[in-house]
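Welcome! Take a look at the sequence and the model first, and then read on.

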Amino acid sequence: MHVSKRNVLWTFLCCGLGVAMVSLDNLVVITALPAIRESLGGDIQQLEWTVNAYTLTYAVLMLPGAALGDRFGRRRMFVVGLGVFTAASAAAALAPGIGALIAARALQGLGAAALMPLNLTLLTAVAPAARRGAVLGALSAVEGLAIAMGPLIGGVMVEHLTWQWIFWINVPIGLVLLPLGRWKLAESRGPNSRLDLIGTVLAGVGLFGIVFGLIQGPTDGWSSPLVLTALAGGALVSAAFVLWELRTDMPMFPMRLFRHRTFSGMNAAGLLMFAGMFGSVFLLTQFFQGPRGYSPMEAGLRILPWTAVPIFVAPLVGFLSDRIGSRAIVAIGLTFQACGLGWIAARVSPDVDYVSLVPALVMCGLGMTFYFSPTANLVMSSVDAQDRGMASGAVNSLRELGGVLGVAVLASVFTAHGDLVTADGFTDGMVPALWTGACLIAVGALAVLTTPRRRGAGRPADRGAGVKISGAGSAQA
């Protein structure tokens, strides 16, 4: 099938905007948490749920979203997910209380789960094999930049408008993208038609139990019956999920993909990287607004040395990966990220000079850029073409799960050692939490080094086996 350059550009535009919207909402709410607490009330656990309600439903339902795309059409499910995400964004902006906001965030996660895993698959189907690495790297750079810019955009919105605008901003973009995606994206389907409903339920219940226990542990006590039941029950149900996925003919989460060392190592690294990054940014933005007394926009600007680096460095990453290998680039990136967080943990105090943190923030930005750009092509090239829908869902699901666990774990470490009441109490909790995040990312770098060395990403399957394309607007573009 011949695919024109114009077709690839239209697909990249649709997928890139979709990725930007979904990724932005991972962290855009974090800078707004103090304003949300002042407006709607809520304790630290409820504030955690305004973040985790989104990432948890996103993580749990992403693999079913990929399966639905394989069965009913990836373009169709992309548009459905986009519609749900846009409507949920409006509901979040209109939320009258913290409970309604958490519910709307969960609905946003549902829409994101239907939309996000299909981006890589849609783009992989139209990108020429010779340019696939560059195209997927550019999409990953968009994702990384959107995640990183979340705190700054959230701060600007809160300070100059209201916190509700962090959600309203999605609505016009979604309304433009809905007809554009329907018109310009090519329809494609995967080989699997059955849905793993049992696996979906087991995954959802297991992950919810673990995350709920981690969030409630610092408040209710780790030995409380509720927390112990949630953690133990979540672990048992998660184990049952793994056993079910190994036995069923049509698994939601195809465990056989983990036979590929590259797939396994990169996904382990992604989970750990997102855990360390999300949890650290969750605390760092509140540190700037709390003990340091900065406004939401000022806090977002002080994250800018971290977030602006991808704009300048991302174009160089592809050049370097062609020469020293994507595996080495990703490992270096995670090492930079871990060292940057460790630097901040070693320097932070209630009266720390912000300038002394700038080199560490830049190092974190370098690490994030080096991680994001080559990762998509490495993972998608490690599996056969017919498995790419599920592989894309697995990649994004494990990353989001890492974000959920990172916020829960680092917030638990914070609560065990500090508090939100005083500046000294905040830094007492923040220092061990940041060291925890740095250690998680360092282990992720080791996971990357366990993958086989390989220059090039091409596989015989890259030529498109197992992907069926039907006529769509983009085919004629």
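In which helix is the place of R105? R105 sits in helix α5, which covers residues 98-126. Please keep in mind that this is a predicted model. With that said, here is a friendly tour by topic.

**The chain as a whole**
- The protein chain has 19 helices together with 2 strands.
- Of the 477 residues in the protein chain, 59% are buried.
- Among contacts in the protein chain with a separation of 6 or more, 85% are between residues 24 or more positions apart.

- R105 counts as buried because its relative accessibility is 0%, and buried means under 20% relative accessible area.
- Neighbours within four places in sequence aside, R105 is in contact with D25, N26, V29, T50, V51, A53, Y54, T57 and F167.

- D424 is found in helix α18, which spans residues 423-449.
- Is D424 buried or partly exposed? D424 is partly exposed because its relative accessible area is 49%, and partly exposed covers what lies between under 20% (buried) and over 50% (exposed).
- D424 also belongs to a negative surface patch, which D351, D419 and D428 form with it.

Note on methods:
Residues are numbered from 1 along each chain as its sequence is written. This is a predicted model: local features need pLDDT of at least 70, side-chain atom pairs count only at pLDDT 80 or more; totals for chains, interfaces and linings use all residues. Side-chain values use heavy atoms; hydrogens and water are left out. Patches are made of residues with over 30% relative accessible area and no salt bridge: like charges are joined within 9 Å, nonpolar side chains (Val, Leu, Ile, Met, Phe, Trp, Tyr) within 5 Å. Accessible areas come from the Shrake-Rupley method with a 1.4 Å probe; for residues, only the protein chains shown count as cover. A salt bridge is a side-chain nitrogen of Lys or Arg within 4 Å of a carboxyl oxygen of Asp or Glu. Lys and Arg count as positive and Asp and Glu as negative; His and the chain ends are not counted. The place of a charge is taken as NZ of Lys, CZ of Arg, CG of Asp or CD of Glu. Helices (H or I, at least four residues) and strands (E, at least two) are DSSP runs, numbered from the N terminus. Buried means under 20% relative accessible area, exposed over 50%, partly exposed in between (1.4 Å probe, protein chains only). Contact means heavy atoms within 4.5 Å.
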